[in-house]
Amino acid sequence: KVKLIPLGVGNSFSAIHYYAHMLLIINERRIQIDCPAYLNRMLREYMLRFNDKAFSIENYSEVIITHNHEDHVAGVEELGYGSIRGVPKRPKLYSTQKILDELWNESLIAGLRWRMEGKKFIEKGFNDYFEPIPLRTEEPNEMGGFQLEIRKAFHTERHRMTRYPYD
């Protein structure tokens, strides 16, 4: 049994809709596709709206990252802070090795590198917060009951709004 539930349909300029991302449910397994900003707020809102505790941060234990634009990964840092408290505990992040490396080295390292433990700062790494799982691009990836194929795609320019001066 497979379900694909859109949790957000907005773009990075959306003031009304959450950023585009989805929840893939295969049998009882929940896999998030991308991880938007304001994750806890969004999940709380959905939990209350649908009276469903399935919309909780604990269910963000597996995330497929499609690409490193902020509207697709800004919540990963929030997810990392949660993993310090074990909610969820060291979530799996699936993507290509290049995307995973860029995510840590260009986005997450600034906020997650140093943690206070007792009275000392301790340097932490990507693997302290997450279980990064590189996906292959040349052949399908076995994902425990289904296969995921990575295909290169490009953003179109049609989605851009003309009211912004840099467009």
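Predicted model: local features only at pLDDT ≥ 70, side-chain atom pairs only at ≥ 80, totals over all residues.

Q: What makes the contact between Glu117 and Lys124 a salt bridge?

A: The closest N and O atoms of Glu117 and Lys124 are 2.7 Å apart. The cut-off is a Lys or Arg side-chain nitrogen within 4 Å of a carboxyl oxygen of Asp or Glu, so the pair counts.

Q: Is Lys124 buried or partly exposed?

A: Buried means under 20%. Lys124 has 21% relative accessibility, so it counts as partly exposed.

Q: Which salt bridge joins Lys98, and how far apart are the closest N and O atoms?

A: Lys98 pairs with Glu102, with the closest N and O atoms 4.0 Å apart. The rule says within 4 Å, so this pair is counted too. The two residues are about one helical turn apart because they sit four residues from each other in helix α4.

Q: Why is Lys98 called exposed, and what about Glu102?

A: Exposed means over 50%. Lys98 has 59%, so it is exposed. Glu102 has 26%, so it counts as partly exposed.

Q: Where do Glu45 and Arg49 lie?

A: Both are in helix α1 (residues 39–50), four residues apart, about one turn of the helix. Arg49 is exposed because its relative accessible area is 51% and the label needs over 50%. Glu45, at 29%, is partly exposed. In total, the structure holds seven salt bridges.

Q: What makes Trp114, Met116 and Phe121 a nonpolar patch?

A: Patch residues need over 30% relative accessible area and no salt bridge, and nonpolar side chains are joined within 5 Å. Take Met116 in strand β6 (residues 114–117): its relative accessibility is 48%, so it counts as partly exposed. Together the three residues have about 360 Å² of accessible area.

Q: How do you know which space is a pocket and which is a cavity?

A: In a cavity the probe fits but cannot get out, while a pocket is open. The largest pocket holds about 890 Å³ of space. It is lined by 25 residues, and those nearest its centre are Thr66, His67, Ile99, Arg151 and Ala153.

Q: How many cavities of 30 Å³ or more are there?

A: One. The volume of the largest cavity is about 30 Å³, and its lining includes Leu7, Arg30 and Tyr60.

Notes
Residues numbered from 1 in each chain as written. Heavy atoms only, no water. Patch = residues over 30% accessible without salt bridge, like charges linked within 9 Å, V, L, I, M, F, W, Y side chains within 5 Å. Areas by Shrake-Rupley, 256 points an atom, 1.4 Å probe, with all protein chains shown as cover. Buried < 20%, exposed > 50% of the residue type's maximum accessible area, 1.4 Å probe, protein only. 1 Å grid on protein atoms, 1.4 Å probe; cavity = no way out; pocket = protein on both sides within 12 Å on 5 of 7 lines; lining within 4 Å. Points joined across faces, edges and corners; volume = space filled by probe spheres on them.
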